[in-house]
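Here is a short briefing on one protein model. Keep the sequence and the structure in view while reading.

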Amino acid sequence: MAERILSISGLRGVVGDGLDPEYVTRFSASLGTMFEGGLVVISRDGRSTGEMLRHAILSGLLATGCKVIDLGIASTPTCGVMVTALGAAGGLQLTASHNPIEWNGLKPFSPLGSVFDKALGERLLGVLETGPNYRPWSKLGTLTEISGSREHLERVFRLVDGDAIRKRRFKVVLDCNHGSGSVLGPQMLRDLGCEVIVMGDSPDGQFEHPAEPLKENLTTLMAKVLESKADVGFAQDPDADRLAIVDNTGRYIGEELTLALCVDHVLARQKGPVVVNGSTSRVTADLAAKYGCPFYRSHVGEANVVSKMLEVKALIGGEGNGGVIEPRVGYVRDSFVSMAYVLDGLVTYPGSLSTWVDHLPQYTIVKDKLHCPRDRVGLACDALRSAYGTAIATEGDGLRLDWPDRWVQVRASNTEPISRVISEAPSPEIARALCSEAVELARRAVQ
């Protein structure tokens, strides 16, 4: 049996080989016990295994007395929005995010509409270990099915000048890749007056390309943007909390610059603190400095970013994986906020998207992975610290090493049984060389 991955991000595994309905029911019942039979919002992405696992989730929640609101197929940020809109005790999204099609998972939400932090995650693990509190037949929960799309859209639309966007009649190519973004994405863009070309518009989970919105997986989108002479191409991951962007020249500008574009647009209009994680490009740090705004880094992980945002009362935050967190919509990564902010920025920016991107601070970020047990990551960190003695070392989330114009990090993944190695520098050659050297140092250390 393959390993089930439990972390502060929730639960993930391969369906039929580690992730089974019996365990999912226990996980959900443990969550229902934590929520003391309160109101719980659930939703799922379009994966083919979702319907089967949905029933396992319902069994666990109803058996512990919860009042379940089922949004059906909906994005992860929509689930977070509806937790706060309904004043729920929490929520649960059924998704494996960017993992391959055979995976699925459960992502629990706090009453803030954010993913679980460490404290809540440890409480849930404790209930999993001791066992859930099942209710008698007369005190079982209830199930109601609703849509959360309108509430989510209204929160996003309050952030932007919808009339100005509609006047521009942007042409947009949206790659939903048969994920849950197709429920809300095309509707939102059309409501903003865009001419929309949708790729993968049925949320059935039958991905047309690998689920993670990386350059090598989006060649069709890049070609479509060029062919249709679109203003922008957007690519969502399967649960639509992350967004990658293709500019009007058909150039993949990636996930890192999704956050940077949104931060640039927001800080130009309003000043406030910015929070990103320790693996995010320094472009956002440069932008915060440009606008005279406080800048903070958290440990990697959406929950850690949210915790820091709450602590410093951040105006905006997110992660370099294309995940923008806008507190006025919800404390959860949101691809719909990202799309709306980019379009709103294009209304006021004196040029095309490619021009806007070219005027951002220029860096190259390179990401690689290393297969090694989590308990050996410390050996890799020690090797890099020893080899790069002139760098400023930041520990606590693996190891990050900073020089004046570049950095490298090695850390264990929260969602996969791998370690990630990330570097960034002013040129592609320097960034690739630094990342390759760090990977080789780490590999030799853990062998």
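In which strand is serine 43 found? Serine 43 sits in strand 4, residues 39–44. The model is a predicted one.

**Serine 43**
- Serine 43 is buried, because its relative accessible area is 4%, under the 20% limit.
- Beyond residues up to four places away in sequence, serine 43 touches Leu71, Gly72, Ala74, Ser75, Cys79, Leu92, Gln93 and Leu94.

**Strand 2 and its partners**
- Strand 1 (residues 5–7) pairs with strand 2 in the antiparallel sense, over 3 bridges.
- Within that part of the model, serine 7 has glycine 10 of strand 2 as its bridge partner.
- Glycine 13 stands opposite asparagine 104 of strand 7.
- Strand 3 (residues 18–19) runs parallel to strand 2, with 2 bridges between them.
- Glycine 18 in strand 3 is the bridge partner of valine 14.

- Strand 9 is largely enclosed by the rest of the structure, because 4 of its 5 residues are buried.
- Strand 9 pairs with strand 10 in the parallel sense over 5 bridges.
- Aspartate 175 stands opposite methionine 199 in strand 10.
- From strand 9 the chain crosses through helix 7 to strand 10, and this β-α-β crossover is right-handed.
- Strand 9 also pairs with strand 11 in the parallel sense, over 4 bridges.
- Valine 173 has glycine 233 of strand 11 as its bridge partner.
- Strand 12 (residues 243–246) and strand 13 pair in the antiparallel sense over 2 bridges.
- Valine 246 has tyrosine 252 of strand 13 as its bridge partner.

**Helices across the sheet**

**Helix 5**
- Which residues of helix 5 are buried? In this helix (residues 149–157) they are Ser149, His152, Leu153, Arg155, Val156 and Phe157.
- Their cover includes helix 3 (76–85), helix 7 (181–191) and helix 12.

**The nonpolar core**
- The largest nonpolar core has 66 residues.
- Those with the most contacts inside this core are Met188, Leu189, Phe234, Ile245, Leu261, Leu343 and Leu353.
- Leucine 353 touches Asp231, Val232, Ile245, Val246, Asp247, Asn248, Leu261, Val342 and Leu346, leaving aside residues up to four places away in sequence.

**Cysteines**
- How many disulfides does a search of the whole structure find? The search finds 0.
- Cysteine 262 counts as buried, at 0% relative accessibility.
- Cysteine 435 is buried too, with a relative accessible area of 2%.

**Aspartate 382**
- Aspartate 382 lies in helix 14 (residues 377–387).
- Is aspartate 382 buried, exposed or partly exposed? Aspartate 382 counts as partly exposed, because its relative accessibility is 42%, between the limits of 20% and 50%.
- Leucine 441 is 59 residues from aspartate 382 in sequence. In space the two are 9.9 Å apart, C-alpha to C-alpha.

How values were computed. Residues numbered from 1 in each chain as written. Predicted model: local features only at pLDDT ≥ 70, side-chain atom pairs only at ≥ 80, totals over all residues. Heavy atoms only, no water. Pairing = 2+ DSSP bridges. Buried < 20%, exposed > 50% of the residue type's maximum accessible area, 1.4 Å probe, protein only. Contact = heavy atoms within 4.5 Å. Core = buried A, V, L, I, M, F, W, Y, C linked by side-chain atoms within 4.5 Å. Disulfide = S-S within 2.5 Å. Right-handed = clockwise from strand over helix to strand, strands pointing away.
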